[in-house]
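I am opening a notebook on a structure that is new to me. The entries below record what I looked up, in the order I looked.

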Amino acid sequence: MTITTTKSAYLKGIADGAPFILVIIPFAALFGLLATEAGLSVIEALSFSVVVIAGAAQFTALQLMQEQAPTVIVLCSALAVNLRMAMYSASLTPWIGGAPLWQRALAAYLTVDQSYVIAMAQYEKAPKMTIPQRMGYFFGAVTPIVPLWYFFTFIGAYLGARVPDGLALDFAIPITFLAMIAPMFRTLAHVVAAFVAVVVSLFATGIPYSLGVIVAGLIGMMAGAEVERRMKRRAGGPT
Amino acid sequence: MIDKTTLWIVIIGLGLGSFFLRFVFTGLVGNRAMPEWLLRHLRYTAVAVLPALVAPQVLWPNATGGEFDPARLAAATVTLAVGVLTKNVIGAILSGAATLYGLLYLLG
């Protein structure tokens, strides 16, 4: 499907976001379930998912609140887990910075790992898309994801249905992220960036509040940028 | 039991804070040009952050209490390999899931 209009961009976004439905449903239901087990009402669990839409940060906050951690610690830890969203925001800016403010604000609210990676893969693959097409694509990609995040938080909280352990659903997220990332390895610089980030992340697991991901991500980005600079210089281009 | 006031402070604070993190660059920088060195780094955000996010989960999954699990490592490897070779996202997800379930069943 080629993108020729804002509408076709939106539709392609929906198609590319659809595989994530399989991930979002168990993840959202699990949050709903754990939230009710922690004593939240259905409405409170649903509000949490609607206001925050950030799986990992929500699980972190819930866990710490159950441990009766001070409110400031709960907020700082959960926001640290979400700090990568600022990196996503910076990375999206060259592509959608020219869109109207209300669209950027809406896209910001809807920026999650899935929508970010879907959008970046498409923007890099088709750099000639116009800004309205890019926004249409972004909103398309979240259309099958975010409403289901709300809905299955509600279902999980309402039914309290147990997600069976035997399904190994914990691994749905690593698999979908790896599958999304794989086609983005277009140059040596991309491969080096990922490799360095992975190695650092394995050594950085001891850093508290998930800040290891941020450190690993930044060092990986620096490695990728440096390889790109050297490759350009060797090719005789500007450095 | 979680205190209700604490809960709502956390929900609203985390909502506002998360929105700020997501909006800080797209919203405040907008269309202004960013320096080339910064853009060059940002091109590698996705391929650095997401693998760093999943790598510890691949080697030391929470589900096994942090024990190394050959089925999960194999599933991750197959997903990545199929994704790189075919550039087909859904194909990569299905191959990875098939590997995971197949090995969990065989090694079960």
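Entry 1. I began with Ile53(A), which counts as buried because 25 other C-beta atoms lie within 10 Å. The model is predicted, so I kept in mind that local features need pLDDT of at least 70. I found Ile53(A) in the loop between helix H3 (42-52) and H4 of chain A. I then read its backbone: phi is near 25°, a positive value in a residue other than glycine.

Entry 2. I looked for another such phi and turned to chain B. Lys87(B) has a positive phi of about 55°, and it is not a glycine either. I placed Lys87(B) in the loop between helix H4 (70-86) and helix H5 (89-107) of chain B. Is Lys87(B) buried or partly exposed? I noted Lys87(B) as partly exposed, because 16 other C-beta atoms lie within 10 Å.

Entry 3. I went back to chain A and took Thr60(A), which sits in helix H4 (residues 55-66). Thr60(A) counts as buried because it has 21 C-beta neighbours inside 10 Å, and the cut-off is 20 or more. Which residues does Thr60(A) contact, leaving aside neighbours within four places in sequence? I listed Ser77(A), Ala78(A) and Val81(A). I also checked Thr60(A) against Ala223(A): they are 163 residues apart in sequence, and their C-alpha atoms are 30 Å apart in space.

Entry 4. Next I took Ala204(A), in the loop between helix H12 (188-203) and helix H13 (211-234) of chain A. I recorded Ala204(A) as buried, because 20 C-beta neighbours inside 10 Å meet the cut-off of 20 or more. Setting aside neighbours within four places in sequence, I found Ala204(A) in contact with Gly212(A), Val215(A) and Ala216(A). Ser89(A) is 115 residues from Ala204(A) along the chain, and I read 23 Å between their C-alpha atoms.

Entry 5. I turned to the largest nonpolar core, which has 109 residues. Which members touch the most other members? I wrote down Val117(A), Ile181(A), Ala193(A) and Ala52(B). The largest share of this core comes from H3(B), with ten residues.

Entry 6. I then examined helix H3 (residues 45-59) of chain B itself. H3(B) has 15 residues and reaches 22 Å from its first C-alpha to its last, close to the 21 Å expected. I found a bend of about 25° at Ala52(B), with the proline Pro56(B) following within four residues. Ala52(B) had already come up among the core residues that touch the most other members. H3(B) is mostly covered, and I noted 13 of its 15 residues as buried.

Entry 7. I looked up the record for chain B. An unreviewed UniProt entry places the feature "transmembrane region" at residues 6-30 and 89-107. In the model, I read residues 6-30 of chain B as 92% helix and 0% strand, with the end C-alpha atoms 35 Å apart. Residues 89-107 of chain B are 100% helix and 0% strand, and I read 27 Å between the end C-alpha atoms.

Entry 8. Last, I checked the domain assignment of chain B, which gives domain 1 (1-32) and domain 2 (46-107). How far apart do the C-alpha centres of these two domains of chain B lie? I noted 31 Å.

Technical notes
Residues numbered from 1 in each chain as written. Chains lettered and ligands numbered in written order. Predicted model: local features only at pLDDT ≥ 70, side-chain atom pairs only at ≥ 80, totals over all residues. UniProt positions renumbered as here; feature names shortened; annotations may be inferred. Helix = DSSP H or I, 4+ residues; strand = E, 2+ residues; numbered from the N terminus. Expected span 1.5 Å × (residues − 1). Bend = angle between axes of the 7 residues up to and from the residue. Buried ≥ 20, exposed ≤ 12 C-beta atoms within 10 Å, placed from the backbone. Core = buried A, V, L, I, M, F, W, Y, C linked by C-beta atoms within 7 Å. Domains from an automatic or database assignment. Contact = placed C-beta atoms within 7 Å.
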